[in-house]
Amino acid sequence: MSAEEDSEDVKSLEDRPASSNAELDYESDDSGETENSDREEVASHLTVGSAKPVKGEAFCDCYKTGREKECVCGEDDSYFEWTWDSGSKSAASFLKHDQREVVFHVDYSCGTAAVRGSQPMCDDQYYWEVKMTTPVYGTDMMVGVGTVDLDLNKYRHKFCSLVGRDAESWGMSYTGMLHHKGLKQMYASKFGQGTIIGVHLDMWHGTLSFYKNRKPLGIAYRGLQGKKLYPVVSSTAARSGMKVIKCRSFKTSLQFMCCQVLRTVIPRHLDVLKVIDMPPGLREFLENNMSWLLQPNPIESPTPSYSEMFMRGQGVKRKFSSSDDDCDGSSTSSKNAR
């Protein structure tokens, strides 16, 4: 399917009713047999809004005042180095807005869908931002990176945390958990509709860091040197959407390293570009390319769970845990919105 056809399919998405009577068009499973019984069971139990969306984590107030459809807050860029790749996406992923926005499960959800970015990332510094354009809920909605070997269609009939479920991807869930090799670890608080998730991939040092509403969450992963990675997002939720609003790349240089040092030296509540005198041309360049690094950005403290607080009280170190419970192995779920 071409990008134009995808765009045509979802151009009136906002006007769709809350539920759809569209026929469930299941694909054949690996054995070649169509899951007729699954179709009948899911069709007879479709519901919308079976999970409560995350609230109160938006970048702006548009989602609190009913102006979410018109919201363009934080979307200041007009040049984009890459977009979502129409040739590297799940069947349940649809692209619009010049392939910068992806909408998952337009009518209903029967599994997990994903899409990959069009630009491979190898040796340089990369930063991009993804905005949650719809309610965030369900089994999982994720942002991260993956290799070309990540199978985007593997869980099309299962609800799971796709990005980070294998060794070929590294992801962050909307629940604030990190996922890699099927293991998970608490990292940050939840994100919801209107949240802007920033991703900094430093291929010089081999690190991956996340930002939430342009505040740093710290390094999430290390040891990524020598890999060729792509931006990846995934979702199990019906009518869920994510939009690329910024993407930058630049060589690892002395200039960039100096900016990193300045950010550690100058108190985080201050804007580096405002407290240091510099030539106007240099200031404009840094503001256009590295404002995400130099702006005021106190580190967010993750919200601990009850189990974590208990473990800390007992002097137990937090470890990665299995994410097997994050994947519903049944393709016969009765929930439309996962």
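Guide: Welcome! Two strands count as paired if DSSP finds at least two bridges between them, and strands (E, at least two residues) and helices (H or I, at least four) are DSSP runs numbered from the N terminus. This is a predicted model, in which local features need pLDDT of at least 70, side-chain atom pairs count only at pLDDT 80 or more, and totals for chains, interfaces and linings use all residues. Residues are numbered from 1 along each chain as its sequence is written, and side-chain values use heavy atoms, leaving out hydrogens and water.

Visitor: Which residue of E3 is the bridge partner of Leu95?

Guide: Strands of a sheet pair through backbone hydrogen bonds, either parallel or antiparallel. Here the bridge partner of Leu95 is Val102, while Phe94 has Val103 as its partner in E3. Strands E2 (residues 93-96) and E3 (residues 101-104) run antiparallel and are joined by four bridges. Four residues lie between the strands of this hairpin, where His97 takes a positive phi near 50 degrees.

Visitor: Which way do the residues of strand E2 point, and are they buried or exposed?

Guide: In a regular strand the side chains alternate between the two faces of the sheet. In E2, Ser93 and Leu95 point one way, Phe94 and Lys96 the other, and all are buried (under 20% relative accessible area; exposed is over 50% and partly exposed in between, with a 1.4 Å probe and protein chains only).

Visitor: What is the order of strands in the open sheet?

Guide: Its seven strands, with antiparallel pairing, follow the order E2-E3-E14-E5-E10-E11-E12. E2 and E12 (215-221) are the edge strands, each pairing on one side only. From one strand to the next, the twist averages 25 degrees. Helix H5 (residues 280-294) packs on the sheet, touching E5 (125-132), E10 (196-202), E11 (207-212) and E14 (240-250), and its direction makes about 110 degrees with that of E14. Contact means heavy atoms within 4.5 Å; axes are lines fitted to C-alpha atoms, for helices over the stretch in contact, with angles from 0 to 180 degrees between N-to-C directions.

Visitor: How many residues does the largest nonpolar core have?

Guide: In soluble globular proteins, nonpolar side chains tend to be buried together. The largest core here has 43 residues, and those with the most contacts inside it include Trp84, Trp128 and Phe210. Strand E5 supplies the largest share, four residues. A second, separate core of 14 residues includes Tyr127, Tyr211, Leu286 and Leu294. Such a core is a set of buried Ala, Val, Leu, Ile, Met, Phe, Trp, Tyr and Cys residues joined through side-chain atoms within 4.5 Å.

Visitor: How many salt bridges does a search of the whole structure find?

Guide: Seven, each a side-chain nitrogen of Lys or Arg within 4 Å of a carboxyl oxygen of Asp or Glu. One of them joins Lys212 and Glu57, with the closest N and O atoms 3.0 Å apart. This pair links distant parts of the chain, 155 residues apart: Lys212 is in strand E11, and Glu57 is in the loop between helix H2 (36-43) and strand E1 (84-89). Lys212 is buried at 4% relative accessibility, whereas Glu57 is partly exposed at 22%. Glu75 and Lys131 also meet in a salt bridge (3.1 Å, N to O), and Glu75, Lys131 and Lys243 are linked in a network of salt bridges.

Visitor: What is the mean pLDDT of the protein chain?

Guide: It is 79, and 73% of the residues reach 70 or more; pLDDT is the predictor's confidence in each residue, from 0 to 100. Over residues 1-50 the pLDDT is below 50, and the value is also below 50 over residues 303-319. Where pLDDT is low, the predicted coordinates should not be read in detail.
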